[in-house]
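Me: I have just opened this model and would like to look closely at one part of it. Could you walk me through it slowly, explaining each term on the way?
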Amino acid sequence: MTGDKKIGNQTTIIARVSYEGAEYIHQGVVLDLQNQEYLILDDEFDEVRATVGPATNKLPTTHIFDIRDLENPKYTGFYQGKVRTIDHNQYVYDGFAYQSNYGAGFHIYDISSIPRDPTGKSVYLVLFRRL
């Protein structure tokens, strides 16, 4: 993950952070648009290609970052789906992450615990719907 800022036509990288097993980081979203303290993101290929890291079990893995200090973002943890698939886009609204998954439909996760427990261990699946 790379953070940058743009002043006029010039972009400056302000920080870089990664995680074990990063392959193809696709999309990230902040938990709260007002505070913007935590970011969750998916990696479309870690479930398929990773040889290290949490996605080696082939489960869709969402990664969590503390971005309160944009110059020093920190990887804090992850949470995983229950069926083998590839996570795709996700959006956050009112404490829930709405996530599409290739071949496994639509998942909704309760992520309201992340500000209290950014490890992801308290996140849980609310709805799994194969479309």
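Is Phe65 buried or exposed, and what is its relative accessible area?

Reply: Phe65 is buried, with a relative accessible area of 0%. Here, buried means under 20% relative accessible area, exposed means over 50%, and partly exposed is in between, all for a 1.4 Å probe and protein chains only. Before going on, note that this is a predicted model, in which local features need pLDDT of at least 70 and side-chain atom pairs count only at pLDDT 80 or more, while totals for chains, interfaces and linings use all residues. Residues are numbered from 1 along each chain as its sequence is written, and side-chain values use heavy atoms, with hydrogens and water left out.

Six aromatic pairs turn up in a search of the whole structure. Rings of Phe, Tyr and Trp (for Trp, the six-membered ring) pair if their centres lie within 6.5 Å; planes under 30 degrees apart count as stacked, over 60 as edge-to-face and the rest as tilted. Tyr75 counts as partly exposed, at 30% relative accessibility, whereas Phe65 is buried. Together with Tyr19, the two rings form one aromatic cluster.

Now for the strands themselves. Helices (H or I, at least four residues) and strands (E, at least two) are DSSP runs, numbered from the N terminus. E5 covers residues 61-66 and pairs with E6 in the antiparallel sense over six bridges; two strands count as paired if DSSP finds at least two bridges between them. One of these bridges links Ile64 with its partner Gly77 in E6. Both strands belong to an open sheet of four, in the order E3-E4-E5-E6, with antiparallel pairing. Its edge strands are E3 (25-30) and E6 (74-80), each of which pairs on one side only. From one strand to the next, the twist averages 25 degrees; axes are lines fitted to C-alpha atoms (for helices, over the stretch in contact), and angles run from 0 to 180 degrees between N-to-C directions.

As background, side chains in a regular strand alternate between the two faces of the sheet.

Ile64 belongs to the largest nonpolar core, which has 12 residues in all, among them Val29, Tyr38, Tyr79 and Ile111. A nonpolar core is a set of buried Ala, Val, Leu, Ile, Met, Phe, Trp, Tyr and Cys residues joined through side-chain atoms within 4.5 Å. Phe65, by contrast, sits in a second, separate core of seven residues, which also includes Val17, Val30 and Leu41.

Asp66 counts as buried, at 11% relative accessibility. The side chain of Asp66 makes a polar contact with the side chain of Arg68, at 2.5 Å. A polar contact is a pair of N or O atoms within 3.5 Å; within protein, one must be able to donate a hydrogen and the other to accept it, and residues adjacent in sequence count only if both atoms are side-chain atoms. Setting aside residues up to four places away in sequence, Asp66 touches Glu37, Tyr38, Pro73, Lys74 and Thr76; contact means heavy atoms within 4.5 Å.

Lys58 lies between helix H1 (46-49) and E5. Its phi is near 70 degrees, a positive value in a residue other than glycine. Lys58 is partly exposed, with a relative accessible area of 28%. Lys58 is also one of the contacts of Thr85, a list that includes Pro60 and Tyr102 and leaves aside neighbours within four places in sequence. Thr85 itself lies in the loop between E6 and E7 and is buried, at a relative accessible area of 9%. A polar atom of the Thr85 side chain lies 2.4 Å from the backbone oxygen of Tyr102.
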